[in-house]
Amino acid sequence: MTNPGAERSSLVATLGVAVSADLLELALTHRSFAYENGAIPTNERLEFLGDSILGQAVTVMLYRTYPHLDEGHLAKRRASLVSTVALAEIARGLGLGEYVRLGKGEILTGGHDKSSILADTVEALIGAVYLDRGGDVATAFVLRLMEPLLADPNHFGTLMDPKTSLQELAAARGVSAPVYTVTQSGPDHAKEFIARVDLGDVISAAGNGTSKKFAEVAAARDAFAQLSAL
């Protein structure tokens with residue numbers, strides 16, 4: 001990076017909210033980078049805070065936006081909007097991957113586009129905005145991030161439960177039911193799971209994540225997109 005300051009300014013402009021330079025840098029610091037640079041602070045505490053702010057903002061928004069939905073349907077919509085899949089999609093729309101500070105190992109394995117890392121970074125940014133600008137600004141920031149997903153109601157179906165959506169689409173298309181295989185790699189402090197899903201010889205897709213569940217969801221979402229395009 002020839003001019004890191006300028007690049008961070010570009011990110012702030014994209015986010016649409018000013019955040020202090022120190023908090024922004026912390027929010028972008030993945031544990032792999034911290035581990036390789038003298039165990040400096042990571043974004044994990046900000047991620048923890050941001051997860052709470054995100055959940056509250058989305059819950060209140062859904063309650064007010066959909067007065068006729070019961071608790072079960074509200075819970076499903078909330079789960080879809082705060083999922084790793086949804087947050088990673090938001091991150092890709094922001095071009096966030098290129099700004100995340102990663103260790104060399106993560107860079108070599110495509111960490112800049114890993115859904116789990118992208119989702120965690122979005123939550124860390126929400127936490128940073130909350131600390132720097134307060135609750136009202138952080139809530140407005142969350143709702144602005146959610147706008148692209150809320151603009152397409154049909155998007156909820158796949159985001160809510162990609163594995164179920166894939167199974168239903170496979171049945172409707174008359175192809176084999178999804179079969180998942182999962183492998184794992186990496187040290188104990190940074191396990192990575194890679195899932196593969198096959199629908200006979202029609203579709204084969206893969207996904208990764210920090211847990212078996214996240215990896216399978218990522219694989220199912222990719223397979224769903226492939227099958228929908230046929």
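Select Val 58 first: with neighbours within four places in sequence left aside, Val 58 is in contact with Arg 78, Leu 81, Val 82, Val 142 and Met 146. Contact means heavy atoms within 4.5 Å.

Before the next stop, some notes on the model. This is a predicted model, in which local features need pLDDT of at least 70 and side-chain atom pairs count only at pLDDT 80 or more, while totals for chains, interfaces and linings use all residues. Residues are numbered from 1 along each chain as its sequence is written, and side-chain values use heavy atoms, with hydrogens and water left out.

**The whole chain**

Zoom out and colour by secondary structure: the chain has 12 helices and three strands. The radius of gyration, taken over C-alpha atoms, is 18 Å, close to the 17 Å that the globule rule gives for 230 residues, so the chain is as compact as a globular protein of that length. That rule is 2.2 Å times the number of residues to the power 0.38. Helices (H or I, at least four residues) and strands (E, at least two) are DSSP runs, numbered from the N terminus.

Along the principal axes, the C-alpha atoms fill a box of roughly 55 × 45 × 30 Å. Of the contacts with a separation of 6 or more, 54% join residues 24 or more positions apart. Show the surface next: the chain exposes about 11,900 Å², with 55% supplied by carbon and sulfur atoms. Accessible areas here come from the Shrake-Rupley method with a 1.4 Å probe. Of the 230 residues, 41% count as buried, meaning under 20% relative accessible area, whereas exposed means over 50% and partly exposed lies in between (1.4 Å probe, protein chains only).

**The cores**

Return to Val 58, which is listed with Leu 96, Ile 126 and Met 146 as having the most contacts inside the largest nonpolar core, a set of 39 residues. Helices H1 (4-15), H2 (21-27), H4 (44-65), H5 (71-81), H6 (84-94), H8 (115-133) and H9 (135-150) each give two or more residues to this core. H8 gives the most, with eight residues. Another core lies apart from this one and has 15 residues, among them Leu 166, Ala 170, Ala 205 and Ala 223. A nonpolar core is a set of buried Ala, Val, Leu, Ile, Met, Phe, Trp, Tyr and Cys residues joined through side-chain atoms within 4.5 Å.

**Single residues**

Select Phe 48, in helix H4. Is Phe 48 buried or exposed? Phe 48 counts as exposed, because its relative accessibility is 67%.

Move to Ala 39, in the loop between helix H3 (31-36) and H4. Its phi is near 55°, a positive value in a residue other than glycine. Most residues other than glycine have a negative phi. Ala 39 has 65% relative accessibility and so counts as exposed.

Ser 185 is the next selection, in strand E1 (residues 179-185). With a relative accessible area of 34%, Ser 185 is partly exposed. Beyond neighbours within four places in sequence, Ser 185 is in contact with Ala 190, Lys 191 and Glu 192.

The tour ends at Ser 9 in helix H1. Ser 9 is partly exposed, at 46% relative accessible area.
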